[in-house]
Amino acid sequence: MENSLDPALPLLEVRGISKSFGAVRALQEVDFTLRAGEIHALLGENGAGKSTLIKVVTGVFARDAGIVRLGGEEVAPRSAKAALQAGIATVYQEVNLLPNLSVAQNLFLDRQPMRFGIVREGEMRRRAKALLADFGLDIDVAAPLGNYSVAIQHVTAIARAVDLSARVLILDEPTASLDRHEVEILFRIMRQLAKRGIGIVFVSHFLDQVYEISDRITVLRNGRLVGERETASLPRLELIRMMLGRELAETTSARAATREHQAREVCASFENYGKAGYVAPFSLELRHGEVVGLAGLLGSGRTETARLVFGAERADGGQARVEGAPVRLQSPRDGVRHGFGYCPEERKTDGIVAELSVRENIVLALQAKRGLHRPLSRREQDEIARRYVKMLDIRPPDPERPVGLLSGGNQQKVLLARWLATSPRLLVLDEPTRGIDVGAHAEIIRLIRELCDDGLALLVISSELDEIVTYSDRVVVLRDRAHIEELAGEAIDVGNILAAIAADGAAVALEAHT
Amino acid sequence: MTALLPRRGLAQILALIVILAVDRVVSPQFFDLRLQDGRLFGSLIDVLNRGTPVALLSLGMVLVIATRGIDLSVGAVMAICGAIAASLADSHGLPVVLAAALGAGLVCGLWNGFLVAVLGMQPIVATLILMVAGRGIAQLITEGRIVTFSSPDLVWLGNGSVLGLPVPVVIALGMLILTGAVVRGSALGLLIEATGGNARASELAGVGTRAMILAVYVWCGVCAALAGVIAAADIMGADANNAGLWLELDAILAVVIGGTSLFGGRFSLVLAVLGALIIQTMNTGILLSGYPPEFNLLVKAVVVLAVLLLQSPKFSGLAGIAARLRRTKA
């Protein structure tokens, strides 16, 4: 394939790819172009469509529309294995090799050198050693892969993929669990491979690394292509705006009239609250009738903050207070007892009990709060379920339907109902509008405002900055697992949030604060 | 109490009727009942009486399985508690004997629950430990012999009758009602189903999932202890090698036939007991038919296969049609 090495022609060309899961449109007419010998960063927040795009290109998902060309020829792999044979290899964050087999066996799995039907161990090890030497690695290839660090496992996976004559190498969050030194090793290898004419797709949420290694950047948001830029000529602020925000003018006008700020009682407060290696100590006051938004990129410590506040994770320092009285939050039960509620980001794994009915899901937290010996009678349950199904317009309006059969938006409403039924004082919502169709999206935002008017304290996480700007009275900006900035009143706009996220180093943030 | 008798029991009731009909064919006297010395006799009573140990085991097992667990140790716990009851029967009164045996069952359940809920072991491995060790413990208690006793109180527990029904049957019925009252009368049932359906989500909703898991293993141990005492009382002795042998498998089978998924979540006490009766009706029928008992295992296997097929997702299309038919009828 000489033409694949011709820089004028794209190596991998994706045109007009669409993919829906039920009513959710995960990808809408997305284009993506990878040149030979370039490192191309694919960026976007959770749910932007990065993984879906990768899975469509590698044949894990069937696409609804669009074409994929590799070296000018149309390809349509039906499985990851077929994609690999065509020359597209993917290394996922969780390395999918076999930790119990030796490094050499992993490298040559399925294609071991044989003689008379017997694997030639010596030959295999020699070749494995030579292969890894290319990557600057000198290790005992006879030892089980699981004995080595994640970095070496990654390099092994990459070596295997490249040796299988890959022309396109997709690395999905390869650096997420690597330390600085290991990242250096990986980057050196990536540059080497690019020089050999391999096109590399680099998915990461570490923007520093993206700027360090990539030649070009493609940004996706909500399943759509936002843009494709040269890394060198794309300012960081502009990149974050592509990932998070819409046009500035559009969002600032959507900002609700600032509400009265005085005379709000503090509902819960946290002083120097934090956990080592999880999120840096922060101080946070949550007041009745006020929405506090948490803004930041993926992995900035938003969800971690939410889990600490609710009690799903134990803090190792600091003091929490509820209505002024010191409390200990050791478990979700503690949080629930103090009148907190938490709608987690992962609705399916952490939120709903799919098999149980809408009614049972709604009464679950209230029942857990009341305790075993004070069961809600069936009539009380029916009444609670009916009330919230009506209030939140849950569809279909059948309280006995297993909640797993509802759409994402309605599942989210059931979770909201679960907590509202406990008459909470504080509600923590982690990405309440993710993966929800447009209609339900607007409804959830309307609900957040109404709840707030009723005197509830709300802590809301969202990747949609314009959304956060719309309903927040205060916005806490996070970066690198620390709270770096708090915006209030007129200062809340997408531009300021973006500037805080993009600020280079903590010093700048501190300056802006003083 | 609609929760005690869910709509989905139809398949199990039909299965029982079919098997009863087959039994009637192989043994024309199958439905005959006669009253003798104030006590009912007949094959049906026999099914109930013989089915008691597995029915009791399934009452505990169904709760454990509802939390997405499993308890392989119930047969061994039966042996331990039977051995304790038999050793104490001739020297102590019935209350002491029962308290000791049930207390031992409770401790066994606590041990299993501790391993699973607190240490986070996989249930199948955690309970395998006691399954193996338990039989050894029982043999230590009986000192390797078959311990016999003649205490009339304990013998009555296995062979007496109340209102014409064998005492074991009355006990099993009582335990079903007691368990049902505790589980469905309190919030336990809902919280157990939530824990089994999605433990992470339940934990985040404030459910004390560890306490739930601990509680179901304890109850399973107590049920097994009662089954062990009855089995010992029935033969007026304790055989540490054979008491309750392989009964854990029958109990799991009963639960599965009763429609409770091994993946946890929804459960039904009544249907689990019905499952135990279905198994016993098959056993008795095969015994009466004169076929060799080996045949029993094959028939059981076929029934299990049928039940599991009905539960598998690939068969959901078929199940969906059945459900629609039922709805149109209702």
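Modeller: Strands here are DSSP E runs of at least two residues, and helices H or I runs of at least four, numbered from the N terminus. This is a predicted model: local features need pLDDT of at least 70, side-chain atom pairs count only at pLDDT 80 or more, and totals for chains, interfaces and linings use all residues. Residues are numbered from 1 along each chain as its sequence is written, and chains are lettered from A and ligands numbered from 1 in the order in which they are written.

Biologist: How many bridges join β13 to β14 in chain A?
Modeller: Six, and the strands run antiparallel; pairing takes at least two DSSP bridges. A:Lys275 has A:Val279 as its bridge partner in β14(A).

Biologist: Switching to chain B, what are the domain bounds?
Modeller: Domain 1 is 49–290 and domain 2 is 293–330, from an automatic or database domain assignment. Nine residues of domain 1 of chain B are in contact with nine of domain 2 of chain B, where contact means backbone-placed C-beta atoms within 7 Å.

Biologist: Which helix gives the most to the domain 1 side of that?
Modeller: α12(B), with five residues.

Biologist: Nice! And which residues of α18 in chain A are buried?
Modeller: A:Val494, A:Ile497, A:Leu498, A:Ala500 and A:Ile501. They sit on the same side of α18(A), because they cover an arc of only 160° around the axis, taken from the directions from the helix axis to the C-beta atoms. Buried means 20 or more other C-beta atoms within 10 Å of the residue's own, with C-beta atoms placed from the backbone.

Notes: Two residues are in contact if their C-beta atoms, placed from the backbone, lie within 7 Å. A residue is buried if 20 or more other C-beta atoms lie within 10 Å of its own, exposed if 12 or fewer, and partly exposed in between; C-beta atoms are placed from the backbone.
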